[in-house]
Amino acid sequence: MTGTGLFADDVEPPGALHCAILRSPHPHARIVSVDVSRARAIPGVAIAISGAEAREHWTPLPATFSLPGIVIPTVYGLAVDKVVYEGEPVAAVAAIDRYLAEDALEAIEVVYEVLEPVALDPEEAIDWGKGPSPVSTKVYENWPDNVQLRYDFSIGDVDGAFARADTIVKARVAVHRYSAMPLEPRAVVAEFEPARRSLTVRLATQIPHQMRSLFAQMFRLPESSVRVLATDVGGGYGSKAQPDADVVPILLSMLAARPVKWAETREEWLLAAPVGSRSYVHRGELALRSDGTILGMRDRLLIDLGCDGVARANGAAGAIIGAIYAPGPYLVDAYEVSARGLLTTKAPYGAYRGMGKDIANQVIERLMDKAAAALNIDPVELRRRNLPVSFPHQICTGPVIESGSFAACLDLLCKRMSLPDLREQQQQAHAEGRYLGFGVVSTLEPSGGAIPMSIFSGIESATVRLHPDGTATALTGMQSIGQGIETTYAQVVADCLGLEPGDVRMRWGDTESVPYGQGAFASRGATFGVGAIHKAATEVRQKLAMAAGIALDAAPQHIELADGVAWVRNTDKAMRIAEVARRTYFEPGPYAMLPGVSDPLLEASATYASPDVNWVPDEFGRLRLYPTHACGAIGCLVEVDARTGQVEVRKIWVAHDAGRLINPGIVDNQLRGSAVQALGGTLLEQIVHDEASRLLTRTLGDYQIPHIATVPEIDVLHIETPSPLTPLGTKGVGEGCHIGLGAALLSAVEDALRPFRAEVLETPLTPPRVLALIGHAVENGSPTANVAGT
Ligand code: SMO
């Protein structure tokens, strides 16, 4: 906002070359030949290279996960034999300026043998009884089929539950493909120094240390020779947590022995960034007793992973998370799920804020609404009857909800929304030919993922230093991606040391200076990140209290630290913390101020691991991969224009419990921001391909993101039930409303369209779809609705 940020694209080392990437115009084609010789001969072009030539210089793109049931393709940063999505990189150029690099791409001659796209609707491509149908066209020819992910889980007597049930409801719930849209697309500045064989990569990433490991592995360099820098990132949301085309400028820098810079265009992002997400279909079933008690659940989940959700992108694991959490927060003992991730010739499938928890929420919340209608029980009441009230509560798939206030959030939300008033407004509006509707859902927000067999294994470290002048520096392995850790962590350190947040400088995003960490994903800032910061700061506090005790002639346990002052409790003996620090370093110095202390500096490093993560399967094969679970309830009011099909969101309400809040302003706006992304994803944003897998939404003119005029007031309320598992009682909150608002919007639109008896189970809720829902309902002989103007 002030123009003082430092993004990768702001940096241009002297003598830097500029990289441009030639991308496939075909979604699926064999590469017959690539001739870069004409491009190479252009004056000012330093490097022009094909995928086949590049292959000897690097390894395939490494997997982000290698969980059981996941198949990892062998693919490179530049395609070698064939391309499997439109926009896949096939060759690259480094030239003295960007214009020349882009122009030189036109001199590269590629001969393709075009293949049939794999564009089948996944539901047609799979027969659940027999497994995948035989396919004539495969994305990876040496694979038996186009299935990248298989996950099956079952617990309890599911068949018995369905046999005993008074009511069974079923729903097919389908969500389309949409994408994270950070302000800054991918950007890389790579500097290889051949004399020292050292590589420095500045890039927009959420995970600097994992990138260092992966770059070292791919380019066969010692990890000690690789430095990764990430300052301002321009937004992450899950989309910047794996290497893909980012490795191309690195290779060019190594070959040219010069710095190489690459900053992709928005069109490249839309075409080929590894961020297509969602794009799934549930077939869910819920068995209930007539009093609303859930007896059992079944779900079949299909995800279209594009060409890859494991190596070129990291989204596939979201299918497993979606399957594990599909029963939501509700009390379900018998549950059976199968998830399959199928490949098509589209761009890679990435993580996007929510990462499967949204997939879970969509199916259970739509089933709850259906069940409420079938049983003639108020939908809020049906939810309340099935929510856990005592904690810790282990859900049937293994995770333990350590604390929560689901029912209280629901009650708080409904009170604030004033549902009877909304019902009245709805009736008045209906009399005027307007269609208002509202929806209410519960949400469960697991946070702080610690996933075995992955680069997201879940530890975090921090160093806290109190300097001789009484200011502090705190270094974190977490990455700032706009979520505000530089503010919240400074608050935590300041509170521990008795300083003001402004006295604490946060450092992150440099693998040569910050301690090892895993960065920003899975809403882990207030779990792992804060855990490490608090642990290190607490150790410094103990030493500071000891030194202050010596200076003030008191026992350390009687020392209070606040407002920059150390004092002896219940006395007027006090000293500025800066003075205690100066004495500890210099006069008289550490031997006098911290006698007998093994680390006599006002500095400490700590690594934090969650006490609740469990990677040893229990007797049912269950794991616990998320240390904290926030909870909440989300509601919204919509108006549907029955003439145009336009859905207008009038208001959004959130009652949320993320444990203890460090900075309520930041938490409120995490919830608001994630709500806006859910609104965009449900109503506006869609990645559209034609039948031949060609992308139609290539600009932000076609791919519509929400803007200020489409965003309503978002009313945020909190309950604070501390987590017993984190040192400050905090829980993750980053994914927030992206988990639940989608289901609430579907519910609200269905409520608005009640006169048409439309079932709203599929996104995006664009005007054509809404009109089709209305038209379909009318054709099916529903009572004639009062459509204004028709
Ligand atoms: S969607 Mo994320 O970076 O876990």
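## His-393

His-393 counts as buried because its relative accessibility is 14% (buried means under 20% relative accessible area, with a 1.4 Å probe and protein chains only). His-393 lies in strand E18, residues 393-394 (strands are DSSP runs of at least two E residues, helices of at least four H or I, numbered from the N terminus). Leaving aside residues up to four places away in sequence, His-393 touches Leu-331, Pro-388, Pro-399, Val-400 and Ile-401 (contact means heavy atoms within 4.5 Å).

## Basis of the model

The model is predicted: local features need pLDDT of at least 70 and side-chain atom pairs pLDDT 80 or more, while totals for chains, interfaces and linings use all residues. Residues are numbered from 1 along each chain as its sequence is written, and side-chain values use heavy atoms, without hydrogens and water.

## Helix H9

Nine of the nine residues of helix H9 (residues 317-325) are buried, so H9 is largely enclosed by the rest of the structure. Among these buried residues are Ile-320, Ile-321, Ile-324 and Tyr-325. Their cover includes H10 and the strands E9 (147-155), E16 (294-304), E17 (334-342), E20 (435-447) and E28 (628-640).

## Helices H10 and H19

The axes of H10 (residues 357-375) and H19 (residues 741-752) come within 8 Å and cross at roughly 30 degrees (axes are lines fitted to C-alpha atoms over the stretch in contact, with angles from 0 to 180 degrees between N-to-C directions). H10 is therefore roughly parallel to H19 (angles under 35 degrees).

H10 contributes Asn-361, Gln-362, Glu-365, Arg-366 and Asp-369 to the contact, and H19 contributes Gly-742, Ala-743, Leu-746, Ser-747 and Glu-750.

Methods
Buried means under 20% relative accessible area, exposed over 50%, partly exposed in between (1.4 Å probe, protein chains only). Angles under 35 degrees count as roughly parallel, over 145 as roughly antiparallel, 65 to 115 as roughly perpendicular and the rest as oblique.
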